[in-house]
Amino acid sequence: MSDIVYLNGKFMPVEEAHVPVLDRGFIFGDGVYEVIPVYSKHPFRLAEHLRRLQYSLDKIRIDNPCSDAEWARLIGEIIRRNAGEDQSVYLQVTRGVARRDHAFPKDVQPTVFMMSSPLVTPAPALVESGVACITAQDYRWLNCDIKSVSLLGNCLLRQLSVDAGAAETILFRDGRLTEASASNVFIVRDGVLLTPPKDNLVLPGITYDVVLEIARAREFQVEVRAVTEAEVRGADEIWVTSSTKEVLAVTTLDGKPVGDGRPGPLFRRMHALYQQFKRDHMRKAA
Ligand code: PDD
């Protein structure tokens with residue numbers, strides 16, 4: 001069965017979905033996107049993803065082409081039309097098709113595209129072992145809070161870790177931790193969970209919020225504040241979070257062990273709580 005995608009009002013097999021070459025998503029990377037994890041056929045934190053989509057659209061001045069109710073219906077439909085209980089729904093909105101001109105075109109319809117792939121969360125062995133990460137200077141732009149499809153910086157930075165045989169590239173700007181190429185970052189020092197605040201230098205992760213909520217509810221010591229590069233390099237634990245990675249322990253950084261080189265005790269607790277949270281809030285609802 002080929003994947004069914006959604007493009008501008010119609011569902012169709014992926015092979016039949018085509019976008020004109022003058023689409024501003026293609027020409028300028030002029031659009032925004034969301035990745036929504038789906039557990040037991042239910043989109044996780046849909047309201048929060050739609051709120052972030054609205055924020056991104058507002059920031060780049062595209063009118064939201066759908067109401068939240070319409071998005072919910074379309075997302076429900078794409079989930080239903082694709083196989084698998086657990087999926088990863090990708091949606092993107094671009095400014096639309098127009099003659100190439102940097103200035104915004106008038107009276108164009110945004111292009112709306114949606115697809116779904118199987119949700120591949122880290123295998124148990126990877127959760128057990130943790131992953132290697134490298135570091136790099138965060139040279140992206142100053143609007144990293146917009147979930148923009150202009151991801152060249154992120155792709156170049158991610159490829160550095162691929163080249164090094166690592167799972168992610170953790171980023172520093174002016175001596176401070178921002179995030180990783182496609183995830184948010186938490187560290188643990190002396191039993192305290194630390195992560196940078198949401199600002200224009202990081203993507204406001206939905207998983208980041210879930211992890212903070214769980215941590216606070218379970219009375220972890222939590223500090224949301226600027227985290228220095230030195231604090232990351234000397235951390236007892238480092239975690240990366242995203243909709244597809246969930247929570248993953250980083251066990252080497254630039255080839256050096258993090259803590260004792262194994263996933264730490266707070267990670268183990270958080271990972272178990274995250275899985276519990278999924279079971280309670282998603283699987284049972286299904
Ligand atoms: N990426 N930071 C960046 C730069 C990201 O690209 C992502 C997610 C996150 C985590 O956000 P969330 O918890 O909402 O998934 C942080 C998605 C998964 C992607 O681009 O595929």
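Thr94 is in contact with Asp23, Gly25, Asp30, Gly31, Ile62, Pro110 and Thr111, once its neighbours within four places in sequence are left aside. The model in which these contacts occur is a predicted one. Thr94 belongs to strand β5, which covers residues 87–94. With a relative accessible area of 1%, Thr94 falls under the 20% limit and is therefore buried.

A second region of interest is the packing of two helices. Two packed helices are described by the angle between their axes and by the distance between those axes. For helix α2 (residues 46–60) and helix α3 (residues 68–81), the angle is about 120° and the axes lie 11 Å apart. On the α2 side, the contact is formed by Leu46, Leu50 and Leu53, which meet Asp68, Trp71, Ala72 and Ile75 of α3. Six of the residues in this contact are nonpolar, none is polar and one is charged.

The cysteines remain to be considered. The structure contains zero disulfides. Cys133 is in no disulfide, and the nearest cysteine sulfur, which belongs to Cys155, is 17 Å away. Cys133 counts as buried because its relative accessibility is 1%. For Cys155, the closest cysteine sulfur is that of Cys144, at 13 Å. A disulfide requires the two sulfur atoms to be within 2.5 Å, so the sulfur of Cys155 is too far from that of Cys144 for a bond.

Definitions and conventions
Residues numbered from 1 in each chain as written. Predicted model: local features only at pLDDT ≥ 70, side-chain atom pairs only at ≥ 80, totals over all residues. Heavy atoms only, no water. Axes fitted to C-alpha atoms, helices over the stretch in contact; angles between N-to-C directions. Helix = DSSP H or I, 4+ residues; strand = E, 2+ residues; numbered from the N terminus. Contact = heavy atoms within 4.5 Å. Nonpolar A, V, L, I, M, F, W, Y, C, P; charged D, E, K, R; others polar. Buried < 20%, exposed > 50% of the residue type's maximum accessible area, 1.4 Å probe, protein only.
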